[in-house]
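Dear colleague,

I am handing over the structure below, and I would be grateful if you could look through it alongside these notes.

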Amino acid sequence: MLIYDIVVVGGGPAGLAAAIEAKKNGIDNILVIERDRELGGILQQCIHNGFGLHIFKEELTGPEYAEKFINELHELGIEYKLDTIVLDISKDKIVSAINTVDGLVNIQAKAVILAMGCRERTRGALNIAGTRPVGVYNAGMAQRLINMEGYMVGKKVIILGSGDIGLIMARRLVLEGAEVIGVLARGGYAAGLGRNVVQCLDDYNIPLMLRHNIVKINGKDRVESVVVVKTDEKKQAIPGTEEVYECDAVLLSVGLIPENELSNNLGIKLDRNTGGPIVNELMETDTEGIFACGNVLHVHDVVDYVTKESQKAGKAASEYVKNQSRSIGEFIKTKPEKGVKYIVPQKIGTDNLGKTVELFMRVNDIYKESKIIIKLDDTVIRQLKRKHMIPSEMERLVLDSRLLTGKEESVLTIEISSEEE
Amino acid sequence: MKKKEMICIVCPIGCHLEVIEDATSESGYIVKGHKCDKGRVYGIKEMINPTRLITSTVIIKGGNLPRLPVRTDKEIPKNKIFDCMKIINEIEVEAPIKMGDILVENILETGSNIVASRSL
Ligand SMILES: Cc1cc2nc3c(=O)[nH]c(=O)nc-3n(C[C@H](O)[C@H](O)[C@H](O)COP(=O)(O)OP(=O)(O)OC[C@H]3O[C@@H](n4cnc5c(N)ncnc54)[C@H](O)[C@@H]3O)c2cc1C
Ligand code: SF4
């Protein structure tokens, strides 16, 4: 059996940052395992700019951001295995992985960092009627085909889902010479960032079709047309509003889910709201010595936050390896209340807290001119004003640790109070 | 008095700007609603000469992948985007390429270069 201090599962920005930070904290014996043919994760297919604004103070493309960390990994001499998939992790931290060169290998680790990212929701989750012709793609899959393989997915395309991937792919398709009929949002607003609506749709006169949905896909071998309907306040189809659009490809951009089969099999407790493991402020799961960071923990829209969160996990894992124990003491639990979809971390250990505690949260609707109210049990400890909050933008809150010391067994809640009510 | 509402695209906050023509100010415009100065500069530029960064891919031979991602190293005028894409679509390179390698210098006299955005 191979033996490593830390095994990192996944070589995307989360895994890279965690491994680099652990190495910088004095752990030499680290292995990163990646199932793809190269490191970098989904950044390699995100060729657009918009990465690194916080960390590097410049706008990089996804591959550029990845390459900076891959270079650092090489410089630090951190070991990694490509084309290798992790099949199982046991409670005793034996990682089983397989590739075509070594076959099945078992690796004993002292600490494990989960950084498997997320996957896309599929059409099955959507209930669209009709045939199953060629030409229906998940937006992320289409992104990979176009940007990495040079394969154009269609000439006349309709996109369902107005998240950032859908918006970015609309522009990409038009630049490559395709016609985009429109980007459909089932709700009354675009799910993605305002800046992406402007620079991906408005710049190219691509229609944003709010309150629309695809109910049927037609075509024998290839997609020939789709049936589009208008939707009501509850996102339900309005009968009689059907319209047929001819097209040869449909892109679905309907959300991402953290990839947690491994965590599930291991018996790690997941949070229903994030779809990722329940962690404390050190990014440690409920299973001692197993940490999680990046999109496997909760879906991020800004990679800089992935990097920062993963550095925390890498540092905590290295401390764990050095001490072979955790000393986080009692916990404060965090709980999303009115208007809040989730909070990470779900638990805050009150021993050894740094100067500040960082909380990430998302709202569950659009809020204008409102307040984020943070309470400990029933006492308000912080109030923050926000002009504009949308579900697709994660909010980062920083709390002074002194507000929390000695408050173990309390519950920290966050709620949104909208002044417009 | 001419007035235009727009969303600042410089950072993810996406401030809602109002750009108002004003002969008395130095730039000819007053900007409202920006949280930082970048938004003011963006608002004015958007009225006078809107520019964008362009990212795409080119054909690469002899690499691990058939496509190499590229970008303009500076923003170019918005009305030159499709001419720029025509040139990008003609490019074919041979591996190895290093991130930052210049593939086309001073594209369309814009002062911007087309550079590789990864090594391959
Ligand atoms: C289309 C799109 C556009 C985006 N645009 C922006 C943007 O403009 N700006 C920005 O800041 N952020 C953006 N993001 C967000 C950012 O890119 C992600 O949050 C970030 O890449 C997540 O990193 P990760 O390492 O957690 O996951 P990933 O990058 O997905 O990496 C996970 C890795 O784990 C590997 N893996 C999974 N399971 C196993 C296993 N069992 N064994 C071995 N390896 C495994 C996968 O192959 C993958 O390489 C975008 C995201 C998407 C999807
Ligand atoms: S004005 Fe400043 S803070 Fe507002 S979106 Fe533009 S760059 Fe961001």
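The model is a predicted one, in which local features need pLDDT of at least 70 and side-chain atom pairs count only at pLDDT 80 or more, while totals for chains, interfaces and linings use all residues. Residues are numbered from 1 along each chain as its sequence is written, chains are lettered from A and ligands numbered from 1 in the order in which they are written, and side-chain values use heavy atoms, with hydrogens and water left out.

Within this pairing, A:Lys156 stands opposite A:Glu179 in S13(A). Six of the seven residues of strand S13 (residues 179-185) of chain A are buried, that is, under 20% relative accessible area with a 1.4 Å probe and protein chains only. S13(A) is also joined, by three bridges, to the parallel strand S14 (residues 208-210) of chain A, and A:Val183 stands opposite A:Leu208 in S14(A).

**A second sheet in chain A**

An open sheet of three strands has the order S22-S24-S27 (chain A), with antiparallel pairing. Its edge strands, each pairing on one side only, are S22 (340-344) and S27 (395-400) of chain A. Strand S24 (residues 356-363) of chain A pairs with S27(A) over six bridges, and A:Glu358 stands opposite A:Val398 in S27(A).

With kind regards

Notes:
Buried < 20%, exposed > 50% of the residue type's maximum accessible area, 1.4 Å probe, protein only. Helix = DSSP H or I, 4+ residues; strand = E, 2+ residues; numbered from the N terminus. Pairing = 2+ DSSP bridges.
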